[in-house]
Amino acid sequence: MKLQNINSSLLLLAGVSIAGLIYLGYTSSSIRFKVQRFCFNITKEHQESALLQLPQGLSFNQPSVVGPDGKIVPVTPWLAPIVWEGTFDPTLIDSVYKQQNVTIATTVFALGKYTVFLKEFLESAEQNYFVGFHVHYFIFTDHPEEVPDVKLGEGHQLTVMTVDSSNRWQEMTLRRMERLEKLIESRLVKEADYVFSLDVDTKFYARWGAETLGRLVGVLHPGYYQTPREQFPYERRPESQAFIPYSDGDYYYGGAVLGGAVKDVYEVAKTCREQLDIDAAKSIEAAWQEESHLNKYFVYNKPSKLLSPEYLWQDFKPQTNEVKIIRFSQVIKNYAAVRPNP
């Protein structure tokens with residue numbers, strides 16, 4: 001009887017030991033999984049916030065935007081998405097960002113006679129641009145009395161920023177980076193999560209939503225997205241801070257759209273303003289003013305997201321097969337009528 005009790009006790013002890021080992025094994029695996037997942041989240045966050053810099057002088061092939069089969073290319077060689085129609089679910093991505101309660105500041109420069117474009121810009125934006133999100137327009141103008149009274153949607157607001165006039169359209173363009181930099185320093189760093197700087201002589205034709213949000217966002221210029229880089233209108237004079245050699249470059253970015261997280265756009269604006277100041281001190285004006293300096297920045301500091309030409313078209317340009325929808329486009333205008341100088 002005593003022996004039977006001992007055997008029973010040993011069997012019970014063995015069972016408890018086996019159960020304990022199984023529990024510890026499962027718990028350890030669970031702990032390891034949680035630790036690994038936690039580390040992954042840190043790594044992912046670090047990667048998304050890190051600036052991807054390209055060493056100067058590195059040789060690489062120019063990437064394509066449209067493949068030989070005519071199909072769009074949805075990603076860059078550094079794995080940044082190129083946003084095209086069909087590459088995102090608009091309902092899903094808007095829902096994700098709306099939960100974060102983000103605010104998108106939007107700067108628009110309407111100096112001189114360019115105020116004539118404000119009404120169509122704002123009215124079309126209110127139909128298509130971040131509908132349902134918190135949006136704060138900042139209109140920079142030297143004619144505040146000409147800013148139209150446009151009915152804004154829920155969560156949208158507008159502030160007029162009065163600035164000095166200029167008798168050269170080039171000067172108007174060159175000052176944009178400086179004004180954007182100062183606005184971020186004085187207000188946006190506390191008031192917004194993202195910021196876009198958009199040209200005023202444009203019109204929205206279709207939705208522009210949360211698919212465009214990212215750390216640093218550039219747009220492919222509609223005139224050069226299938227052009228060999230040797231033919232890009234980069235600044236080619238070595239004495240300019242915007243200089244890009246013929247062997248460098250991947251895409252040509254339009255200066256009409258610049259966006260991203262506030263701190264990252266600030267770095268772009270600050271760097272470009274500093275480079276513009278250096279050029280100005282040497283009486284150098286880059287080929288396409290701030291657009292040339294923006295392209296220099298993007299060649300060596302890679303954007304985290306690219307917008308396809310859907311997000312910057314030109315009204316005079318026929319729609320191509322790969323561009324399924326035109327969302328935002330530069331309107332046809334008489335430059336002689338709106339610019340103060342040739």
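## A small sheet

In what order do the three strands of the open sheet stand? The order is S7-S13-S12, with mixed pairing; strands here are DSSP E runs of at least two residues, numbered from the N terminus, and two of them pair if DSSP finds at least two bridges between them. Strand S7 (202-204) and strand S12 (313-314) are the edges, each with a single partner strand, so one side of each has no neighbour in the sheet. S7 and strand S13 (residues 328-330) run antiparallel and are joined by three bridges. Across from Lys-203 you will find Ser-329 in S13.

## About the model

This is a predicted model, in which local features need pLDDT of at least 70 and side-chain atom pairs count only at pLDDT 80 or more, while totals for chains, interfaces and linings use all residues. Residues are numbered from 1 along each chain as its sequence is written, and side-chain values use heavy atoms, with hydrogens and water left out.

## A bent helix

Now for helix H5 (residues 176-191), from the DSSP runs of H or I with at least four residues. H5 has 16 residues, yet its end C-alpha atoms are only 20 Å apart, short of the 22 Å that a straight helix would reach at 1.5 Å a residue (1.5 Å times one less than the number of residues). At Ile-184, H5 bends by about 55°, the angle between axes fitted to the seven residues ending there and the seven starting there.

Ile-184 is also one of the buried residues of H5 (under 20% relative accessible area, with a 1.4 Å probe and protein chains only). Others among them are Arg-176, Arg-179 and Glu-181.

Key. Buried < 20%, exposed > 50% of the residue type's maximum accessible area, 1.4 Å probe, protein only.
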